Amino acid sequence: MRLREANRNLLLLGSFTLLSVAAAGIVALLDPAPVPANAAPRSTANQVPAHRQTAVRIVGTPFVPNTNPRQR
């Protein structure tokens, strides 16, 4: 029994998809779980005190998204 050319392409696509999903699943199972982020605040040694921080000056107009494409 021979497959028609259209069915061969579909069979190739399906087999490639299944093999890709299987490979991704195996990698996901073997990959160690990521370490959760520490919920504790950072140490105060790396932070600059509030009274020594310099102010930031913003130059220009604030960004306003154009929600109406016809209006400029």
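Author: A residue counts as exposed over 50% relative accessible area and as buried under 20%. The model discussed here is predicted.

Reader: Is leucine 29 buried or exposed?

Author: Leucine 29 sits in helix 1, which covers residues 5-30. Its relative accessible area is 74%, and the cut-off for exposed is over 50%. Leucine 29 is therefore exposed.

Reader: Which residues make the nonpolar surface patch of about 390 Å²?

Author: Leucine 29 is one of the residues in this patch. In an α-helix, residues three or four places apart point the same way, because there are 3.6 residues a turn. The patch of about 390 Å² is made by Ile26, Leu29 and Leu30.

Reader: How many of the 26 residues of helix 1 are buried?

Author: The chain has one helix and zero strands. That helix reaches 38 Å from its first C-alpha to its last, close to the 38 Å expected. Helix 1 lies largely in the open, since the number of its residues that are buried is zero.

Reader: What share of the accessible surface of the protein chain belongs to carbon and sulfur atoms?

Author: Buried residues make up 0% of the 72 residues in the chain. The accessible surface comes to about 8000 Å², and the share belonging to carbon and sulfur atoms is 63%.

Notes:
Residues numbered from 1 in each chain as written. Predicted model: local features only at pLDDT ≥ 70, side-chain atom pairs only at ≥ 80, totals over all residues. Heavy atoms only, no water. Patch = residues over 30% accessible without salt bridge, like charges linked within 9 Å, V, L, I, M, F, W, Y side chains within 5 Å. Areas by Shrake-Rupley, 256 points an atom, 1.4 Å probe, with all protein chains shown as cover. Salt bridge = Lys/Arg side-chain N within 4 Å of Asp/Glu carboxyl O. Helix = DSSP H or I, 4+ residues; strand = E, 2+ residues; numbered from the N terminus. Buried < 20%, exposed > 50% of the residue type's maximum accessible area, 1.4 Å probe, protein only. Expected span 1.5 Å × (residues − 1).
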